[in-house]
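Me: I want to check the labels on this model against their cut-offs. Can we go through them one at a time?

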Amino acid sequence: MSEAIPGLPPPPAPARPRDAAAVILWRPGPDGREVFWVRRGAGLRFAGGFYAFPGGAVDEADARVPVPGEPAGAGALVAAACRELFEEAGVLLARGADRLSPAARDEARRALLDGRASFADLLFQEGLALDPSLLAPAGRWVTPPFFPVRFDARFFLARLPEGQEAKVWPGELASGEFVPTGRALELWGRGDALLHPPNWWGIASLDREEPARALDLLRHPPDDILIEFQRGVVLVAQRTPTLPPATHTNCWIVEIGGGTAVVDPGSAYPEEEERLSSVLERLSRDGRPAREVWLTHHHVDHVGGVPRLAARGLSVRAHPETARRLDLGPVLPLSDGEVLHGRWRVVFTPGHAPGHVAFLDEGSGALLAGDMVSTVSTVVVDPPEGDMALYLRSLERLLREGARALYPAHGAPAPSAASKLEEYLEHRRMRTAKVEAALAAGGDLSEVTRRAYDDTPPFLLPVAERSCLATLLMLEGERKACRDGERWTLR
């Protein structure tokens, strides 16, 4: 993103959480307990590309599914959990399900997915009844307010019924399989499987205890549980004076030799600094004390918390172009290609800001992208310090680096860095073409912006105007556009 622009409306209120349900399906295996996890499709709005348990939002029709032992309408969460498990994995937690052949279960599942029958209709037609005794309540998790899509999710623990097989069909989910809990945690630790905290906690609890005892862990997770999508990459999303639709800047805390580095502590608000301090204390108790501060660039929504951390004795690292724009005292210079603590390589990525850098974990392929990419909107390139031609070259360079998971400064991680970078480059090509088309009739900056950004809400046009100017200056440098005073035209 960029620094706040005067005159913009206040940030949007947090999204209201939607009721949801998920099932931690397990079975005994040769290497210990196994859980069934799915890899969500990359295009899904929430947790696309992440690993998770079968589940989803509660539908209105779920309240009409009879649940024995529950008053009418009160079993919607149980019904939703059973429906989602059947839709996504083909497992039917119902009395009498053992009477159905695999082919009959598949046909019923297909009818449900195709919309030819509701879940309640299928149960009635087959003479089945949901069996809530097969699901043990296993905790409640609410998506934090800084996510644009939020759920109030109830989790249930269930053993795979005898005679049934869990299988993902092509669609919203990319894959699904049973995996030993220890193997799942190993994949998470390497960055091969990104997990949101509820799913990590579910796997970790079953890895630690047998199911009956794990239920107490599942229902009572620690208050200070970390948002650690892969081992050694911890998120503290801080409220900052950033640009809408973003409301927060992601402060990433990453493992280095003998401790951690705090990347882009962006908030100077006291309550946000206290939240960050509590996470750092938690990590210190785990043997991961904060040692350094790394900055991707100098914008105010990325550096607000630096003075407090520097006062605690943390050394600060930044590119010289960033350091000279800040009054922070001693700053250790970062140089392109430098490898920090034998692990994190500095990648110089100017364009959004003159001293912008990204950090690439040469082990796991994790990319801390700063403001090169946002997963809640596009990135603003604001002249004179923002340079669109440089920004595009930096995006192309990052694509060549072969990163795996991308961790932006605004929005959720992207499990496929290549896909997200290609998406950004394609968007910029599209927008550049629209700016060129808008130049056909000529006009001043505001006129060209309105035509080239006709798909942008009016209140965001002042922000779009900055990136439009950066594109015009790039086209001018390529001798495709020219200006006469305030008027821009094609050359």
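Reply: Start with the buried residues of H2: Arg105, Ala108, Arg109, Ala111 and Leu112. Buried means under 20% relative accessible area, exposed over 50%, partly exposed in between (1.4 Å probe, protein chains only). The model is predicted, so local features need pLDDT of at least 70, side-chain atom pairs count only at pLDDT 80 or more, and totals for chains, interfaces and linings use all residues. Residues are numbered from 1 along each chain as its sequence is written, and side-chain values use heavy atoms, without hydrogens or water.

Me: How do you know that the buried residues of H2 line one face of the helix?

Reply: Seen down the axis of H2, they fall within an arc of 160°, so they line one face. The arc is taken from the directions from the helix axis to the C-beta atoms. On the other side, Pro102, Ala103 and Asp114 are exposed.

Me: What covers the buried residues of H2?

Reply: The cover includes helix H1 (76-89) and helix H3 (119-125). Contact means heavy atoms within 4.5 Å.

Me: Why is Pro307 called partly exposed?

Reply: Its relative accessibility is 48%, so Pro307 counts as partly exposed. Pro307 sits in helix H9 (residues 306-311).

Me: What makes H5 oblique to H6?

Reply: The axes of helix H5 (residues 197-208) and helix H6 (residues 211-219) cross at roughly 140°. That makes the pair oblique. Under 35 degrees is roughly parallel, over 145 roughly antiparallel, 65 to 115 roughly perpendicular, and the rest oblique.

Me: Which residues of H5 meet H6?

Reply: Trp201, Gly202, Ser205, Leu206 and Arg208 meet Pro211, Ala214, Leu217 and Leu218 of H6.

Notes. Helices (H or I, at least four residues) and strands (E, at least two) are DSSP runs, numbered from the N terminus. Axes are lines fitted to C-alpha atoms, for helices over the stretch in contact, and angles run from 0 to 180 degrees between N-to-C directions.
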